[in-house]
Amino acid sequence: MKAVRNTIDEYKPLDATTNPSLILAAAQMPAYQKLVDDAVAYGKKLGGSEDEQIQNACDKLFVLFGAEILKRIPGRVSTEVDARLSFDKEGMIQRARRLIDLYKEAGIGKDRILIKLSSTWEGIQAGKVLEAEYGIHCNMTLLFSFAQAVACAEAGVTLISPFVGRILDWYVANGDKKTYEPSEDPGVKSVTKIYNYYKKFGYKTIVMGASFRNTGEIKALTGCDYLTISPKLLAELSKEHVKLTPTLSIKDAQACDLEKIHLDEKAFRWHHNEDQMAVEKLSDGIRKFAADAIKLETMLKERMFSAENGK
């Protein structure tokens, strides 16, 4: 875990996150083979069908990475539920509880874990149940539309991760304008609106801007509850030696002219569907995370069964 340790020691973040893409990349690095071996051994120990062993090994690997990260940070780590369950409310609840149980076996309480769920209607409702009935804190990811943000607030989830950079990517790819000033960046404007709405109406859900493409976006969202920033952009910020002043504030939010709305399932699906960018980026994100989950399972399957099958 040397690479992770060095980055965390340098920047000293409060919290950290994982997703299938990051775990897949790390699991192929020599430095992390002990974790992969331990996950494989765990999956085999529990037995069952090949698919069950692979799933158990995969869950264990996510938790092993999370546990290592938690040794280096004071706050919480986010661990993602399989994106292929994005439209299965009960499946997400079951998998989230399983991950929390695995952390408990590792001596880590649920207060230090955020379960990441896709911000589909089913995912948001799964988050509502996990928070209210099981005290499991949730981080709603792949969030692109205002409708998603409103539904998450109404569900009472702990935290949302609106994706700034991926919103910008869509507008650059699908429009005539290729560059934006930070204050006019579509991703920045989206998160600003969500932050203002939450603060104006007293929602406790934390807004954590994510997926940044440049330091201008980060500076334009200074004052947001949390920001999750890549080591590359943190390094760029550290070289600028500029004191950042908040551009977002509760005072300004309370003075904004947003009106409170309520979204049941039908209203949510309509309002979200009206946002072409959000529809496309949500489905694209789910597909990509699912593809990486399949690649990770294939890698584990080869480790677990190729030798005994004579391959």
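**Exercise 1.** How many bridges join strand 1 to strand 2, and do the two run parallel or antiparallel?

*Solution.* A quick note before we start: this is a predicted model, where local features need pLDDT of at least 70, side-chain atom pairs count only at pLDDT 80 or more, and totals for chains, interfaces and linings use all residues. Residues are numbered from 1 along each chain as its sequence is written, and side-chain values use heavy atoms, leaving out hydrogens and water.

Step 1: Strands are DSSP runs of E, at least two residues, and helices are runs of H or I, at least four residues, both numbered from the N terminus. Two strands pair if DSSP finds at least two bridges between them.

Step 2: look at the two strands. Two bridges join them, and they run parallel. Thr17, for instance, has Ser78 in strand 2 as its bridge partner.

**Exercise 2.** Work out what kind of aromatic pair Phe144 and Phe163 form.

*Solution.* Step 1: recall the rules. Rings of Phe, Tyr and Trp (its six-membered ring) pair if their centres lie within 6.5 Å; planes under 30 degrees apart are stacked, over 60 edge-to-face, and the rest tilted.

Step 1: apply them. The centres are 5.5 Å apart and the planes sit at 80°, so this pair is edge-to-face.

Step 2: Phe144 is in the loop between strand 4 and helix 7, and Phe163 in the loop between strand 5 and helix 8 (164–174), so the pair ties together parts 19 residues apart in sequence.

**Exercise 3.** Is Phe144 buried or exposed?

*Solution.* Step 1: buried means under 20% relative accessible area, exposed over 50%, partly exposed in between (1.4 Å probe, protein chains only).

Step 1: Phe144 has 1% relative accessibility, so it's buried. Phe163, with 7%, is buried too.
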